[in-house]
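Subject: Structure handover

Hello,

Here is the structure for you to look at. My notes on it follow below.

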Amino acid sequence: MSQMEKKAGLLRRTSSSKKPLKEKVVLMYDDIFSKEDPAKNNPRFWDELFLMKVNLEYLESKLECLDGDEVQQIQDNINSLFHHCVQAMEEEHQIKVVNALQTLCALFRGVHQKNKSASGFDIINMLMGFDKAEQRMKELIERLDSLLCGDGSESLKSLCLKLLLCLVTVTDNISQNTILEYVMINSIFEAILQILSDVSSRGQHGYDAVVLLALLVNYRKYESVNPYIVKLSIVDDEPTLDGMGMVVHQALTEYNRQYKEKEEENQGGFFSTLSSMVGSMFIADADEKLSVQTNEAILLALYEAVHLNRNFITVLAQSHPEIDIATGSVTPTPTTPTTPLGTTPPSLDMMNNPELPLDPNMQTCNLLITFLKYASIVMQDTKDEHRLNSARLCLIILTCIAEDQYADAFLHDDNMNFRVNLHRMPMRHRKKVVDKSIPSRPLVCAILDLMVEFIVTHMMKDFPMDLYLRCVQIIHKLLCYQKKCRIRLHYTWRELWSALINLLKFLLSNETSLLAKHNIFHLALLVVNLFNMFITYGDTFLPTSNSYDELYYEIVRMHQVFDNLYCMVLRVSTNTGHWKEAASKVTHALVNVRAIINHFNPKIESYAAVNHISQLSEEQVRSISLNVRKNVSLNTLSQDVLLKEFSSIS
């Protein structure tokens, strides 16, 4: 049977002299789409309808084919169909309940697909009748809540969640879905929490429940009081928060596993052999084959949990063994739609086992580590729109974490060390090598590594300015905490300084093209003020005095970049133009750096001239810098001014 015949509900082909036979349910749908009341000549019409298997394609196609006049003529029948669907959900016979839920899915999708340009009120009127909509939706939500919290079958609960997800996602912009006003009034929040708090139901339905909650939280969140936001922000039940974290963790772990499998497959295949023969010219093409579908829905759920609920921060830090999810896929129920690679719910076996035996030889992991690994993958390539959005959301989540005092305390705790194997983008000037001897360090080091990695790998023509701004601001927030708590982090700060200086160099080299799209002076100000923070407050958080020597050496070694930056911002700030004020702020911020360069450079040049040395070694430069620092008072910015600058850009 062809696809068209299947959609039309034909049972079999017939000769041209006979009419094609149709399924009975299709004939009953045709009765609904006629002008007459379908129950007029058949009092048992609605009872019989919900005993028959739903033909979703045919029902949706019939709704989509209606024109304006036809809708008006059969609106009473559509309203009656909706009403009887809700009534059928209270039947003891589960077949009727399942068919009613599937019919409602088709109704919501079909009506919205046909009437994308119609107002929300028109769609509500078409589905339920505006005068009865409040009562109909109240009955529907109450019945869904009862089914989700009851002792019914898991497949029935799954179908209830699918219906709710269908209802929430029928419009491209969730805030334009007026029907959700009734879901705000008749809350299903408690039912979602019950699913997440129970180990068994979480394994079956946790993924859908978390995604549904994330979507409901975003309904008109900036326009009116959203009850789901209020309720999520005050949840303090530990099993519920742990359940939510487990769902997010396993979804991200599944993504990381799929990426790792593709990476290993790629390394062992023909392309790996070819690239080893001809060098690195094919590295970029090979990496494209590692692309895995991103999962913005689960990232959105993680963001809302971290952003709204301070109690959720503790979930990020909970350690457990790092175990790869089995590659065997879970057999989906008939009502579960096919999902793209990377967005499938995680293994049910993993979801059902929150407590796992600890092996002393096994590397421990937590949600934050898994998230950092995920971020290191999706942030490699921001050319794709989905990955760009995913990378942006990752940086927003990291910003929320860096702003939280409890999270900062955990990140910097020297007694809580982890090995975090971040993925690195393959580049022509470096080989992609998996470092199996990663040191065990506080988690803040992994975040700083991720920021440095992003900075050095995304200096491209299509410059992701907003991502760079967020990246530098995350570094700033972490440094502020270290300064405040006088935490001397043993980190290779030199890599960060080098990355920031190269970023300034890139901005200078591409001034004309970048200024046509972005305010590069704002980013330059953030970078320069990071150096100001190291110079002015470094004695409170840099690990040793040698760290200061390394800082001064990097500034002096790359003084040409800072000199060129000063010339550029001075030129712009002295001319009348759009960027005059922004450039003048950078001029003011460069006082510290230029003071160091002006003090040290003449001494270094003098030493080289006296000793007839054309090029000084790093040790010689650092020795000269140390002597000069002991005898010279730099003209640094006052701490009040610097703090004011930081508060204005945070």
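In which loop does Arg486 lie? Arg486 sits in the loop between α24 (465-485) and α25 (493-509). Bear in mind that this is a predicted model.

The backbone at Arg486 deserves a look. Its phi is positive, about 50 degrees, although Arg486 is not a glycine. The side of solvent exposure is clear too: Arg486 has a relative accessible area of 57%. That counts as exposed, because the cut-off is over 50%.

Arg220 is another non-glycine residue with a positive phi, about 45 degrees here. Look for Arg220 in the loop between α12 (199-217) and α13 (227-233).

Next, a helix. α30 covers residues 580-589. Which of its residues are buried? They are Ala582, Ala583, Val586, Thr587 and Ala589. These residues span an arc of only 165 degrees around the axis, so they lie on the same side of α30.

Now the whole chain. The protein has 650 residues, and 52% of them count as buried. Its secondary structure comprises 33 helices and 6 strands. Take the contacts with a separation of 6 or more: 76% of these join residues 24 or more positions apart. The accessible surface is about 30900 Å². Carbon and sulfur atoms account for 50% of that surface.

Best wishes

Key: Residues are numbered from 1 along each chain as its sequence is written. This is a predicted model: local features need pLDDT of at least 70, side-chain atom pairs count only at pLDDT 80 or more; totals for chains, interfaces and linings use all residues. Side-chain values use heavy atoms; hydrogens and water are left out. Buried means under 20% relative accessible area, exposed over 50%, partly exposed in between (1.4 Å probe, protein chains only). Helices (H or I, at least four residues) and strands (E, at least two) are DSSP runs, numbered from the N terminus. The arc is that of the directions from the helix axis to the C-beta atoms. Contact means heavy atoms within 4.5 Å. Accessible areas come from the Shrake-Rupley method with a 1.4 Å probe; for residues, only the protein chains shown count as cover.
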